Amino acid sequence: MGQNHADTLNSLNGLSGIYFRAGRFAEAMPLLESILESYRETLGDEHPSTLTVMQNLAVTYDGAGRIGDAVPLLERAVQAMKAKLGEDHPDTLEAINNLARLYLHAKRSEEALPLAVDAVARTKTVL
C-alpha cells in the first residue's frame with residue numbers, strides 16, 4: 001500500500017481522531033500535519049479530503065491551545081470549501097460552525113455570532 005495510499009492515510013486520520021478525543025493533541029498534530037502534506041502532494045490543496053484534514057488539524061491546534069495557528073488554517077479551508085463544494089454543502093457548514101467556535105476561543109465574538117447564526121439558518125434550509 002505505502003505511506004501515501006488512501007487507506008493508510010485514512011487509518012492515520014482515524015488514529016489522530018482517537019488521540020484528539022483522548023486529549024493527546026501532541027500526538028494527533030504530527031499525524032494530521034503529515035496526512036495534510038500527503039494529501040496536498042497527491043490530491044491537491046482543494047480536494048475535499050485535503051480540506052477535511054485541514055479542518056481536523058485546525059480543531060486539533062485549537063485543542064492544543066494553538067488558536068493563532070488554528071484560525072487562519074480553518075479560514076483557508078472554509079474559503080476553499082465554499083469555492084469547491086458550495087456555501088450550503090454540509091461539510092462547508094460544519095467547517096463554518098467550527099470556525100465560529102474558533103473565533104469565540106480567539107475572543108472574536110463579533111465575528112463568531114453572525115457566522116454561527118448564518119450557518120444554522122443555512123443548515124435548516126439545506127438539511
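Residues are numbered from 1 along each chain as its sequence is written. In this predicted model, local features need pLDDT of at least 70 and side-chain atom pairs count only at pLDDT 80 or more, while totals for chains, interfaces and linings use all residues, and side-chain values use heavy atoms, with hydrogens and water left out.

**Exercise 1. Describe the largest pocket and state which helices supply its lining.**

Step 1. The largest pocket holds about 150 Å³ of space. On a 1 Å grid over the protein atoms alone, a pocket is an open set of points where a 1.4 Å probe fits, with protein on both sides within 12 Å along at least five of seven lines, and lining residues have an atom within 4 Å of a point. The volume is the space filled by probe spheres set on the points.

Step 2. The lining has 13 residues, and those closest to the centre of the pocket are Phe20, Arg21, Asn56, Val59 and Thr60.

Step 3. Helices are DSSP runs (H or I, at least four residues), numbered from the N terminus. At least two lining residues come from each of α1 (6–21), α3 (48–63) and α5 (90–105), and α1 gives the largest share, with five residues.

Step 4. By residue class, the lining comprises three nonpolar, seven polar and three charged residues; Ala, Val, Leu, Ile, Met, Phe, Trp, Tyr, Cys and Pro count as nonpolar, Asp, Glu, Lys and Arg as charged, and the others, Gly among them, as polar.

**Exercise 2. Classify the aromatic pair and the accessibility of Phe20 and Phe25.**

Step 1. The structure holds one aromatic pair. Rings of Phe, Tyr and Trp (its six-membered ring) pair if their centres lie within 6.5 Å, and planes under 30 degrees apart count as stacked, over 60 as edge-to-face and the rest as tilted.

Step 2. The ring centres of Phe20 and Phe25 are 5.3 Å apart and the planes stand at 65°, so this pair is edge-to-face.

Step 3. Buried means under 20% relative accessible area, exposed over 50%, and partly exposed in between (1.4 Å probe, protein chains only). Phe20, at 27%, is therefore partly exposed, whereas Phe25, at 19%, is buried.

**Exercise 3. Locate Asp45 and Lys107, and describe the surroundings of Asp45.**

Step 1. Asp45 sits in the loop between α2 and α3, where it is partly exposed at a relative accessible area of 49%.

Step 2. With neighbours within four places in sequence left aside, Asp45 is in contact (heavy atoms within 4.5 Å) with Arg40, Thr50 and Leu51.

Step 3. Lys107 lies in the loop between α5 and α6 (109–126), and although Lys107 is not a glycine, its phi is positive, at about 65°. With a relative accessible area of 73%, Lys107 is exposed.
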